[in-house]
Amino acid sequence: MDREAPPAFPALHPALAAALADRGYDSPTPVQTAVLAPEAHGRDLLVSAQTGSGKTVAYGLALAPTLLGDQERFPERVAPQALVVAPTRELALQVQRELTWLYAPAGGRVVACVGGMDIRREQRLLLLGTNVVVGTPGRLRDHLERGQLVLGELQAVVLDEADEMLDLGFREELEHLLDAAPTPRRTLLFSATIPREIEAIARQYQQDALRVATAGAREQHGDITYRAFLIAPRDRVAAVVNTLRHFEVRGALVFCSTRDEVRTLYGSLQERGFATVALSGELAQAERTRALQALRDGRARVCVATDVAARGLDLPDLGLVIHADLPRDPQLLAHRSGRTGRAGRKGTAVLLVPYPAQRYADRLLAAAGVVAEFGPAPSPEAIRLQDQQRLVREIGELLEEPGAEDREAAAALLATHEAEALVAAFVRRQRAQLPAPEELTPPPPPRERRPRQPSSRQSSGSEETVWFHLGIGRAKNADPRWIVPYLCRRGHLTKAQIGAIRVLERETHFEIRAEAVPRFLAALRRPDREDGDLLISPLRGDGPRRPPGPGPHGRPRGEADPSAPRRSPPPKLLRSRRAR
C-alpha cells in the first residue's frame, strides 16, 4: 500500500518559498499548516504547540503577508514592523537567526535586543532602521523607555513561549510593551500550555483570536523515545557516563537541578574525557555564548545545564537529553525533553531514576502522558560489546584501494609483525580515545506491586525481615522522620522495604525486608561521602533480636511517639538547600 504523500506548503511569497527550499523544507509541520490555513489569514492567533514543533518558522510565515503585502521586498530603513518577545537571551537569539534566513531573500532586517549584550550596539542598529525586533522583555522595555525603540509603525506583536515568560515574572514588562503598541495590530501568542494567566492576557490584548492546538496537553511527542534507567542513588555520575557512551549521538544535554550539581557533574565528565560545556544562570553572557558556539561547531559534545539556563535552547544535532535529576513536575519534563526531537528529527530522553524514587517517576510520567521503557542503565559489558561492533563497522568502511605509499607502509609492518597484532594495536588505539564505562551497583529484583502499608511503619509479621542496629539514639536526636530518608539513600532502599523502627536512648533498631538485605549490605560497604557514616550492623543473636517489651503508653519501649514534637536531625545529617 502506497504511503500518503506529505502535505506541501501552500502558495507563499516567492522570496520565502526560496528561503525554505534552500534550507530543505519540503513540507510544513502541523503548527505551520495550522497558522497558514485560510481561516488564520490576518487574524490574531492563540497557539499551543509542542516545543520543537517549528513554531518560529510558523509565525515567520504567518507574519509575512502582513509585513510584505504585495511588495517583493521589505521596505528599507524603517521603524520596526513586528516585535517578537521571548523569555530568554538564548531563545531570542535563536529566533533572530531563524527569521534572518527566512526573510533574507526579501531584504528583511532582524535585530536582537537582549540583556547581557552591548546596549550601545543595539541602539545603533535600531537607529539604522529594522523590519523586525526580537528581544527579551526587560531589554525591550529599557529601549522603549529610552525612546530608542519606536513602535509607531508596528503591525504585529508575537509573544513566544508566553507561559515561560509568566513563570519568570515578566508579566509587568509584557503588559507595558503591549500597552505601548499601536492598535489595530495583529497579536500572535504562542505557548506550550494555555493556563488561566495566558487566557487572561489573550482576552485583554487580542481581538477575535483563532485558537490553534496542534497537540493535546497529555499527548506524547512522537519524535522522542523515553527511557527510564533504574540506578542506585550514588551511581548518578556513573550512570550519566554510561548513558553518554551507550547512545551514539553528536550532541547531548544533561539536566541538573542546581548550579552546584552542574559544576560537579561538569568536572566529572571533563575528568573522564568528555568534550563538555556547562550552562547555568551564574555565567556571564559571553561565557554562555562561547559554550553554545562550542556545541554548534562540534568542539563540545555534551552540555550540562540547569533548567533556567536551558530555557529556549535549540541546538543542532541534539539527539539525547538526560535527566540526571528528575524534573519536579510534568511541564518541566516536557520542556527539558523537548530540547531533542525537534523539527522532525528523532531524539531520546533518558530519566535516571534512583530506586527509592521509582514511584515518583511513575507518577511524573503518568501526569505528563508519557510512556517510558524502564530498565537498568547500560552496563560496561554492553558498552564494550557495542564499541567492538562499531569499530568493526567503521574500520570496514575505511577499506578502499590503497595507494603506493600505503602499500609500502603496510608491507613494512607486515614484514615484522603479525597481521592480527597490527589490527589489535589499531583497535586498542581507537578504544583508548573513548571514556571508559563505569561499574554500576547491581539492580534490585523487579519491583512487586503491593497495597500501601499502614503509616505506623509496623511490620505485618507475615514477611521475613532482618533487624539492624544504628549507632545513634534519642540522646543525639534520632528520629524516624530523618532516619527513613537516610536509610533509603544510604542503603538503596524504598520506604516499603523498611519495617518497624525502635529509637532507644543511645541506639536505634530497625528492620529491613529480607529480599532487600543483600543490596542493603552491599551499599553499606561503600563509604558515604555526603553525610558521613553512621554505624550500622545486623543485630546479633540466635535469630532476630526482639525489641524491648511494651511501655506504659502501649508502644514498645524506646519507640518514638509520632505525636511528640519533632526533633532536629543531628548536625552531620543536615543538608543545606543549594541555590539554583
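1. Which residue in β17 does Val503 stand opposite? Val503 faces Thr508. Strands here are DSSP E runs of at least two residues, and helices are H or I runs of at least four, both numbered from the N terminus.

2. Basis of the note. The model is predicted, so local features need pLDDT of at least 70 and side-chain atom pairs count only at pLDDT 80 or more, while totals for chains, interfaces and linings use all residues. Residues are numbered from 1 along each chain as its sequence is written, and side-chain values use heavy atoms, with hydrogens and water left out.

3. The sheet. β16 and β17 run antiparallel and are joined by four bridges; two strands are taken to pair if DSSP finds at least two bridges between them. They belong to an open sheet of four strands, ordered β16-β17-β15-β18, with antiparallel pairing. At its edges lie β16 (498-503) and β18 (536-538), each of which pairs on one side only. From one strand to the next, the twist averages 25°. Strands of a sheet pair through backbone hydrogen bonds.

4. The helix on the sheet. Helix α18 (residues 480-491) packs on this sheet and touches β15 (465-470), β16, β17 and β18. Contact means heavy atoms within 4.5 Å. The direction of α18 makes about 135° with that of β16; axes are lines fitted to C-alpha atoms, for helices over the stretch in contact, and angles run from 0 to 180 degrees between N-to-C directions.

5. Aromatic pairs. Six are found in the whole structure. Rings of Phe, Tyr and Trp (its six-membered ring) pair if their centres lie within 6.5 Å; planes under 30 degrees apart are stacked, over 60 edge-to-face, and the rest tilted. The pair Phe510 and Phe520 is edge-to-face because its planes stand at 90°, with ring centres 6.1 Å apart. Since Phe510 lies in strand β17 (residues 508-513) and Phe520 in helix α19 (residues 517-524), the pair ties together parts that are 10 residues apart in sequence. Ring pairs also link Phe468, Phe510 and Phe520 into a cluster.

6. Burial. Phe510 has a relative accessible area of 0% and is buried; Phe520 is likewise buried, at 0%. Buried means under 20% relative accessible area, exposed over 50%, and partly exposed in between (1.4 Å probe, protein chains only). Of the 580 residues of the protein chain, 48% count as buried.

7. The chain as a whole. The protein chain has 19 helices and 18 strands.
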